Amino acid sequence: MRTGNLADNKANEGSRPGSHLSKAGTKLAATRNRARYDRAAVFNPDGLPVWADRHRLEGDIAAHDHDFLEIALITQGQAVHISADGDHRVRPGSAVVVPPSEWHGYSECEDLVVFDCFVAPELLDGALSFLEQELPLMRTIHAGPSLSWVPRIQLSTGEMSRSVGELYSISDISPDHRSRVQILGHLLVYLDILDHAWSERDTWVLPAGVRQHPAALRAMQVMERDLAHPWTLAELAADAVVERTHLVRLFRRSTGLPPMAYLNRRRAQVAAALLVRTDHPVAQIGARLGWTDPAYFARRFRAVFGLSPSAYRARALSGTTRSHGPTSVEAPLPISGARYALPVQ
């Protein structure tokens with residue numbers, strides 16, 4: 001079996017482009033240095049913004065994020081995948097699609113082997129922008145719910161076998177023979193396999209050409225600007241200039257949730273991000289999001305994540321940080337024999 005080496009690769013997190021921290025979240029600026037991985041530590045010097053490699057995760061992996069798309073395919077073992085949209089057990093055939101700047105981690109890892117595929121966002125927004133129209137999965141990632149969201153797909157045995165073949169083809173092409181046509185060809189086939197599996201089994205697919213209704217977007221933006229405000233459905237409907245019942249229908253169509261449930265989940269997600277990314281006291285985080293009573297904050301948070309805020313913070317930050325590639329020329333951290341011409345284990 002080919003496995004990768006894991007080592008610390010901590011980087012100052014700084015701001016997260018594309019993340020949806022509210023005004024309250026912005027005020028609570030991150031003071032904790034969390035692991036953040038950038039494309040310079042992942043992609044080959046040849047400039048092709050796609051890479052695939054296999055890793056054995058022998059312990060819990062602490063929360064981290066990155067500035068590229070990651071698709072993690074579980075090929076062996078099991079674990080609990082943690083992100084802002086909840087905890088989900090993964091097993092062989094589970095594929096997790098982590099958008100840029102979304103944090104995630106793993107706990108309860110048992111003999112876990114992950115075959116990762118990394119894609120730079122400028123590739124998806126540029127040469128592969130047509131995928132938004134062709135593949136519902138990619139369309140949903142770009143134009144789906146405003147809530148933090150990490151699509152998860154369970155592949156069949158055949159789909160997993162074909163996927164692993166494409167990933168090996170990406171990772172095993174020697175540096176002297178890597179071409180954009182070859183790499184993108186294998187990537188497109190892999191994405192098509194994932195899309196087919198996801199579209200068949202997932203219940204939320206944004207139809208081609210459909211965008212979120214302006215009234216729903218307006219209400220989301222209003223709430224996002226001040227999550228701590230005690231919003232009512234009447235206020236939101238008046239601001240969006242629609243009837244309350246119509247706003248509920250529009251919200252359900254766009255997010256799968258009515259407005260008030262969306263607000264509570266969004267508050268919990270921002271609280272989760274702040275628990276992971278800052279050292280601020282739990283009560284202070286809750287108060288900044290409109291939950292001034294610590295006990296009530298704990299109940300609302302537990303309703304979404306199944307843990308108290310303190311337990312969630314401790315669990316998310318336990319374990320090691322993981323390395324996606326070399327941190328320096330002087331001390332390379334090999335990921336696989338294929339990439340660095342090292343013996344295959």
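**Exercise 1. Locate Val-241 and classify its exposure and its backbone angle.**

Step 1. Val-241 sits in the loop that joins α8 and α9. Helices (H or I, at least four residues) and strands (E, at least two) are DSSP runs, numbered from the N terminus.

Step 2. Val-241 has a relative accessibility of 69%, so it counts as exposed. The classes are buried, under 20% relative accessible area, exposed, over 50%, and partly exposed in between (1.4 Å probe, protein chains only).

Step 3. The phi of Val-241 is positive, about 60 degrees, although the residue is not a glycine. Most residues other than glycine have a negative phi.

A note on the source: this is a predicted model, in which local features need pLDDT of at least 70 and side-chain atom pairs count only at pLDDT 80 or more, while totals for chains, interfaces and linings use all residues. Residues are numbered from 1 along each chain as its sequence is written, and side-chain values use heavy atoms, with hydrogens and water left out.

**Exercise 2. Describe how α8 and α9 pack, and name the residues in the contact.**

Step 1. The axes of α8 and α9 are 9 Å apart, and the angle between the helices is about 85 degrees. Axes are lines fitted to C-alpha atoms, for helices over the stretch in contact, and angles run from 0 to 180 degrees between N-to-C directions.

Step 2. The two helices, α8 and α9, are therefore roughly perpendicular. Angles under 35 degrees count as roughly parallel, over 145 as roughly antiparallel, 65 to 115 as roughly perpendicular and the rest as oblique.

Step 3. From α8, the contact takes Leu-233, Ala-234, Leu-236 and Ala-237; from α9, it takes Arg-244, Leu-247 and Val-248. Contact means heavy atoms within 4.5 Å.

Step 4. By class, the contact of α8 with α9 has six nonpolar residues, no polar ones and one charged. Here Ala, Val, Leu, Ile, Met, Phe, Trp, Tyr, Cys and Pro count as nonpolar, Asp, Glu, Lys and Arg as charged, and the others, Gly among them, as polar.

**Exercise 3. Do the analysis again for α10 and α12.**

Step 1. The axes of α10 and α12 come within 9 Å and cross at roughly 95 degrees.

Step 2. On the α10 side, the residues are Asn-264, Arg-265, Ala-268, Gln-269, Ala-271, Ala-272 and Leu-275, and they meet Phe-297, Arg-300, Phe-301, Val-304 and Phe-305 in α12.

Step 3. The contact of α10 with α12 divides into eight nonpolar, two polar and two charged residues.

**Exercise 4. Identify the largest nonpolar core and the elements that build it.**

Step 1. A nonpolar core is a set of buried Ala, Val, Leu, Ile, Met, Phe, Trp, Tyr and Cys residues joined through side-chain atoms within 4.5 Å.

Step 2. The largest such core has 38 residues, and those with the most contacts inside it are Trp-103, Met-223, Leu-247, Phe-251, Ile-285, Phe-301 and Tyr-312.

Step 3. Two or more residues of this core come from each of β4 (69-83), α7 (214-225), α8 (233-240), α9 (244-255), α10 (259-277), α12 (294-305) and α13 (309-316). The largest share, ten residues, is from α10.

Step 4. A second, separate core has 32 residues, including Leu-73, Leu-131, Leu-155 and Leu-194.

**Exercise 5. Compare two residues of strand β7, Asp-111 and Phe-118.**

Step 1. Asp-111 belongs to β7 and is partly exposed, with a relative accessible area of 46%. Its phi is near 50 degrees, a positive value in a residue other than glycine.

Step 2. Phe-118 also belongs to β7, but at 0% relative accessibility it counts as buried. The C-alpha atoms of Phe-118 and Phe-68 are 6.6 Å apart, while the two residues are 50 apart in sequence.

**Exercise 6. Find the surroundings of Ala-316.**

Step 1. Ala-316 is part of helix α13 and counts as buried, at 4% relative accessibility.

Step 2. Leaving out residues up to four places away in sequence, Ala-316 touches Ala-62, Ala-63 and Val-276.

Step 3. Ala-316 and His-104 are 212 residues apart along the chain, with 8.5 Å between their C-alpha atoms.
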